[in-house]
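Please consult the sequence and coordinates alongside the text.

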Amino acid sequence: MPVSTLPTDRTSALPTIVVVGHGMVGQRFLEALADRGLTATAGTARVVVLCEEPRAAYDRVQLTSYFAGRSPDDLSLVEPGFMQRHGFELHLGDPAESLDREARTVTARSGETYAYDTLVLATGSYPFVPPVPGKDAEGCFVYRTIEDLLAIEEYARTARTGAVVGGGLLGLEAAGALKGLGLDTHVVEFAPRLMPVQVDDGGGAALLRTIESMGLTVHTGVGTQEVTTGEDGAVNGMSLSDGSSLATDLVVFSAGVRPRDQLARDCGLAVGPRGGVIVDEECRTSDPSVFAIGECALASDGRVYGLVAPGYEMAQTAAEVIAGKDAAFTGADLSTKLKLLGVDVASFGDAHGTAEGCLDVVYADSRSGVYKKLVIGQDGTLLGGVLVGDAEQYGTLRPMTGTVLPVAPEQLVLPAGAGGPVALGPSTLPDEAVICSCHNVTKGAICAHTTLPEVKKCTKAGTGCGSCVKVIGQLLPQSTDKGVCGCFPYSRSELYEIVRTLGVTSYAQLLDSHGREAARGGDGCEICKPAVGSIIASLAPTLGASGYVLDGEQAALQDTNDHFLANLQRNGSYSIVPRIPGGEITPEKLIVIGEVARDFGLYTKITGGQRIDMFGARVDQLPLIWTRLVDAGFESGHAYGKSLRTVKSCVGQTWCRYGVQDSVKMAIDLELRYRGLRSPHKLKSAVSGCARECAEARGKDFGIIATASGWNLYVGGNGGATPRHADLLAQDLSDAELVRLIDRFLMFYIRTADRLERTSTWLDRIEGGLDHVRDVVVHDSLGLCDELERLMADHVAGYRDEWAETLNDPDRLRRFVTFVNAPDAPDPSVRFVPERDQVRPDLEILAGPVLAVRTLEGSVSR
Amino acid sequence: MTATTVATAQHPSLQLACGEVWFTVCELSLLTPGRGVAALLPDGRQVALFADRARQVYAIDNRDPFTGAYVLSRGLVGSDGGRPFVASPLLKQRFDLATGVCLDDDEVSVQVFAVRTV
Ligand code: SRM
Ligand SMILES: Cc1cc2nc3c(=O)[nH]c(=O)nc-3n(C[C@H](O)[C@H](O)[C@H](O)COP(=O)(O)OP(=O)(O)OC[C@H]3O[C@@H](n4cnc5c(N)ncnc54)[C@H](O)[C@@H]3O)c2cc1C
Ligand code: SF4
Ligand code: FES
């Protein structure tokens, strides 16, 4: 079905371009046409696209991220409205079946025939399946399309073991996916090492060790002879060339790809002896009106490129040529950087050292699985290299290929502490160095911009595989001012140190002694006030300041939510979230919540944090509501604070048949221990009773997963806008060890993080990352642990419920009125209208006669 | 008048210009420096009153023009180049307390009220 069609009378007269294949390169070709104004809407060309797959082009390179939670829609490469905007006619699920070059027509499976003036083949490749007996049995798969992944996922539900045939780039990616699906995973590679194309023997060995240590079984140097099946016809194993056999329920073939050139062969276009439609530098096939681009093409340098970047270049070239300009694709380099199963692997330039007289500079550390090799020419130029286990330097080294390195090469491969590595900043690169190889963007082009979003928007750099983003960040102007805001020249962690060491307990004093000259004596601002308020609060017991956030000057520093101990809603009312530790609650307490909500007419909702939120309270109602809640044994849930939110739990060992520890008890203990702890950003946690992870602990700042012998502690997880799975910090901890480690971790985070920096971003930012944090909090490398534990002990001892405290203080309670001069008058602007048997804010009365209420989206977050 | 002046010395009060008359709102001591309170005028309008660090008092309309909510009194007070402002507690746009002009959007401003301590 055509996604868009223009009236035939307008389009039929236009020259027609038919594109066969809407994969990554096909889509890029369409974008290139649009850039050059070759579209139906521009009245210059009719463009028909035949797409075999049931969905439009998607990011095949990121295919595996489907298993990490990206939906097929997230993977789409086509901007919404793109086809319509340009009048491109896209036919999904309708492949081209035959070509008639004489008549210049393409016939699709639907029977429809399209006449073309120019034909572009972008059919990609198909996975090669070795012709072994049993290869078509139920349980055999390939790994190329979203549909393949859906099928594997479905089949894996009933499988325990999986085997991947092929230990190359894609094979390892597939193996990682099988492992992620919970299968016992094997990799069978015919060559003597993994990733034979990209890395050399040394690199392969480093990779092997790391991959085996992850629990995958690797068989190198053996071929697959047969896939064996059970009585039901489904796969039950493989027999290997060394005479051994391997029991497996599922097989994924990933033994390389072959160009899809059948259409071209059938109509007599020239193809290479080993496949691939032969094209010239203009990407034209042996028929001048037919072009071939991407993985189906055999380029003029005699290569079939199985990478997306060269395909994109071909797409640009073909579009340019079709637009009547000069362009040529003469070849591309095969540099790649990947993260396979969490291991960085990169190779660039002449990685195998084939140039005459070249020398290798190698560093290998099998213990840590790091292997680095640089290939240096006779004249000292860098020719290429292989990096396994630590590919940090890829971004700077690859663009230096072909130049003489500014430092001795061994300094670049040695680890820190052994004379290297020398930080070779990207500033040393020449302007013409290609930084983003996916989109062929040079340093010069990037440096014309000042922010990453701008670079991405204007040059597309960084929007492909993403491996260049870090270097781009280093090329952009760095703000040298690390100050939190216009008032202080210090970062949050510096302010923390100042407050801690000097024992400052007053914001005004801090501003006057450590603020920027112009800000001293002033009123500060809405950024540093809450930040300093939070620092003073988290250190309060230690500094001897009041632990009560509404005391004295501290009250003036808090954001409105902390100031009223509730969350401000869009109409000026507040929401109330009592703490429900671990999500466990008695029926009596549930009834109290129900009664309070009913009596005050509050809207109730179960939150995503395993507790209950009541919305729509006026300021003056807050103390009345909390009096009832505190009487019933509730306390503040700190939903308003940059502090501990919830520690979610699963039901755990007590009830669940799989549970191996009491996750609920641990969650409650932790929530009570860290409640009220003010931190740079909110803190979330969860405890799961077994590896099934029903509490989603790995999405939390600190997450705990039970093991048969104790607890595993994960840190740095995040849901929200940029999800990140937490990393394992330590394993099989006892209860006491776990608590001690969390104490240290949290206090170290609070001490060193920036304002509004979640643990996830903090962990990625701080130098040395997770390893450094582990050194500090587990191995006590900085000798800080005693102090960190003491700070936490102070917090735990000093904790008091903010609401109970407020209710006991008539002075504070006076603040909870709408109008200072009419304490009994309710706020007339806080009104509600009914919806689904409850209420919602009446926004119309806020809109007033003139103003359409703006939505809360696009809020200025400071 | 003398009587009021005496009272002033101990417990100064805040007054807002309301049409032709000065309307007494509350004692100055009810304002925490750096924070605001809302007051209800006889005609039903809402005013946000603030005291800065130097206890200088300002009054602006309580309605946040960006959301329509009557909440500006609950924002945080700051100063920029010596000029006092309040940041809306909802979407954080800043308003100059002396002029009512929004510092983050030239096209928006809120009404300013004359205020005095007696
Ligand atoms: C009520 C609730 C939604 C619900 O109806 O379920 C909620 C509501 C809000 N969330 Fe949330 N979040 C709620 C669970 C979550 C979760 C789920 C969870 O905790 O398991 C997440 C993802 C997990 C995570 O944080 O990693 C979540 C990620 C966010 C984020 C994004 C944080 C990030 O790191 O990207 C924000 C924005 C922020 O904090 O800057 C946010 C901010 C907010 C704010 C505070 C927005 C605001 O400033 O007004 C909302 C305030 C609600 C209120 O006024 O009471 N909320 N929010 C949930 C309260 C849970 C609780 O019991 O405390
Ligand atoms: C799991 C995986 C990971 C990868 N990782 C990387 C990586 O990290 N870096 C990298 O550079 N490359 C990577 N690649 C390779 C990259 O995806 C390809 O180089 C790229 O997709 C090639 O684009 P293409 O348009 O030529 O082919 P494809 O994207 O395969 O598109 C071809 C399309 O044409 C369709 N088609 C075929 N015949 C017809 C017909 N007769 N009629 C209509 N439609 C037809 C096919 O169904 C397909 O949709 C990876 C590939 C996979 C599978
Ligand atoms: S995580 Fe494990 S113990 Fe907890 S509910 Fe899920 S399956 Fe049961
Ligand atoms: S190198 Fe892949 S996005 Fe830049």
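The sections below treat one chain as a whole, then some of its elements, and then the second chain and the interface.

## Overall make-up of chain A

The model is a predicted one. The secondary structure of chain A amounts to 29 helices and 38 strands. Chain A has 862 residues, of which 53% count as buried. Among the contacts in chain A that link residues at least 6 apart in sequence, 61% are between residues at least 24 apart.

Strand β1 of chain A spans residues 16-20 and is mostly covered, five of its five residues being buried.

Two strands pair with β1(A), as follows. Strand β2 of chain A, residues 46-50, runs parallel to β1(A), and five bridges connect the pair. Within this pairing, A:Val18 has A:Val48 of β2(A) as its bridge partner. Strand β7 of chain A, residues 118-121, is also parallel to β1(A) and is joined to it by four bridges; here A:Thr118 of β7(A) stands opposite A:Ile17. Helix α2 of chain A, residues 24-35, forms a right-handed β-α-β unit together with β1(A) and β2(A).

## Helix α21 of chain A

Which residues of helix α21 of chain A are buried? In this helix, residues 622-631, they are A:Leu622, A:Pro623, A:Ile625, A:Trp626 and A:Leu629. Viewed down the axis of α21(A), these buried residues fall within an arc of 155°, and therefore they line one face of the helix. As background, an α-helix has 3.6 residues a turn, so residues three or four places apart point the same way.

The buried residues of α21(A) pack against several elements of chain A: the helices α19 (560-564), α20 (587-600), α27 (802-807) and α28 (810-813), and the strands β29 (574-576) and β31 (612-617). After α21(A) comes A:Gly633, which has a positive phi near 95°.

## A:Ser493 in helix α15

A:Ser493 belongs to helix α15 of chain A, which covers residues 492-502. Is this serine buried or exposed? A:Ser493 counts as buried because its relative accessibility is 17%, and the cut-off for burial is under 20%. Leaving aside residues up to four places away in sequence, A:Ser493 touches A:Arg751, A:Thr752 and A:Ala753.

## A three-stranded sheet in chain B

Chain B contains an open sheet of three strands in the order β6-β7-β8, paired in the antiparallel sense. Its edge strands are β6 (76-80) and β8 (94-96) of chain B, each of which pairs on one side only. On average, and with direction ignored, neighbouring strands of this sheet are turned by 35° against each other.

## The interface between chains A and B

The contact involves 47 residues from chain A and 38 residues from chain B. About 3400 Å² of area is buried between the two chains, with carbon and sulfur atoms giving 55% of this area. On the side of chain B, B:Arg35, B:Arg53 and B:Arg74 lose the most area to chain A, and together they make up 22% of what that side buries.

Terms used:
Residues numbered from 1 in each chain as written. Chains lettered and ligands numbered in written order. Predicted model: local features only at pLDDT ≥ 70, side-chain atom pairs only at ≥ 80, totals over all residues. Heavy atoms only, no water. Buried < 20%, exposed > 50% of the residue type's maximum accessible area, 1.4 Å probe, protein only. Arc of directions from axis to C-beta. Contact = heavy atoms within 4.5 Å. Pairing = 2+ DSSP bridges. Axes fitted to C-alpha atoms, helices over the stretch in contact; angles between N-to-C directions. Right-handed = clockwise from strand over helix to strand, strands pointing away. Buried area = accessible area lost by both parts, 1.4 Å probe.
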